[in-house]
Amino acid sequence: MCATCGCGDDGATVTVPGHAHHHENGHNHDHSHNHDHSHTETITLEQRVLAKNDELAARNRAWLAAHDIVAFNITSSPGAGKTTLLERTIRELNPDRPVAVIEGDQETLLDAERIRATGARAVQINTGAGCHLDAEMVHRAIQALDPEQGSILFIENVGNLVCPAMFDLGEQSKVVVISVTEGDDKPLKYPHMFAAARLVIVNKIDLLPYVTFDLEKCCSYVRSLNRDAQILPMSAVTGEGTSQWHDWIADCAISATSPAPVDKP
């Protein structure tokens, strides 16, 4: 079991077209004894897991930066519309930068197949009982995907607003997608994820006339947790708000390649 969340340790499978590779996910914590663990031991193990993940994430980030690849970690609850958003984004983005996608799900290749149908390169990570991606899984997926120099890399995380908040993957930015069908209090229920986000997309606004969802209240909850996060209401189905999403991606790509400011002597 993973010390941080209790998800399964039965390994993750990274799948590319025509190939399947089984990889251990680095969460192997077998025990050969029966005594109870103290609270201190549990916290120490969790810290070690996260520290190791952060080390691997830093390596991912350095490799991506060296290859001028801008990576976004897309998180949400199941069914918020992440894959639909990516399908539309890939079709409409400026073609100057190629797009690659890492898909994370517990089972099936369905989302990767949807992404490849848009013409983008994609690999699928199946986590089995695991409820999140980690930096080691993403490292192996990047090796299998081999994204082009100057690419935009979308990492669609497993549908879950808890554990993905703790696991840095080496991305430039976390993007949280919430849909109006989920309830406007979702940020308060999952504060760590919204606190870690650089952008919060409120998706499916075309359904606002048919659901009980207070957009202004939801935005105020987000800002109470994260003053720096940008909030973008949009509909991945109708296209409303997608131009602002594309502009945000472009701004991130520009900032990622801009030289760091030099302090005056």
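## Salt bridges

Let's start with R114, which counts as partly exposed because its relative accessibility is 32%, between the 20% and 50% cut-offs. In this predicted model, R114 pairs with D111 in a salt bridge, with 3.9 Å between the closest N and O atoms. D111, by contrast, is buried, at a relative accessible area of 13%. Both residues belong to helix α3 (residues 110-116) and sit three residues apart, about one turn of the helix. An α-helix has 3.6 residues a turn, so residues three or four places apart point the same way. E87 joins in as well: together with D111 and R114 it forms a network of salt bridges.

The whole structure holds eleven salt bridges. One of them, between D68 and R97, has an N to O distance of 3.7 Å and ties together distant parts of the chain. D68 lies in the loop between α1 (39-66) and β3, while R97 lies in the loop between α2 and β4, 29 residues apart. D68 is partly exposed, with 28% relative accessibility. Another bridge brings the side chains of E182 and K186 to 2.5 Å, N to O; here K186 is buried, with a relative accessible area of 9%.

## Nonpolar cores

The largest nonpolar core has 27 residues, and F72, F154 and W245 touch the most other members. At least two residues each come from β3 (70-76), α2 (82-92), β4 (99-105), β6 (152-156), β7 (173-179), β8 (199-203) and α8 (242-257). Helix α8 is the biggest contributor, giving five residues. Leaving aside residues up to four places away in sequence, W245 touches I74, L85, T89, F154, V175, L199, I201, L232 and M234.

Another core, of 19 residues, lies apart from this one, and includes L64, V123, V138 and L145.

## Helix α4

V138 and L145 turn up again in helix α4 (residues 135-145), where A135, E136, M137, A141 and I142 are buried along with them. After the helix comes D146, with a positive phi near 50°.

## Confidence

The average pLDDT of the chain is 86, and 80% of the residues score at least 70. Two stretches to treat with care follow. Residues 23-31 have a pLDDT below 50, yet this stretch makes 30 contacts in the model beyond near neighbours in sequence. Residues 259-265 also fall below 50, and have zero such contacts. Where pLDDT is low, the predicted coordinates should not be read in detail.

Key: Residues numbered from 1 in each chain as written. Heavy atoms only, no water. Core = buried A, V, L, I, M, F, W, Y, C linked by side-chain atoms within 4.5 Å. Buried < 20%, exposed > 50% of the residue type's maximum accessible area, 1.4 Å probe, protein only. Helix = DSSP H or I, 4+ residues; strand = E, 2+ residues; numbered from the N terminus. Contact = heavy atoms within 4.5 Å. pLDDT = per-residue confidence, 0-100. Salt bridge = Lys/Arg side-chain N within 4 Å of Asp/Glu carboxyl O.
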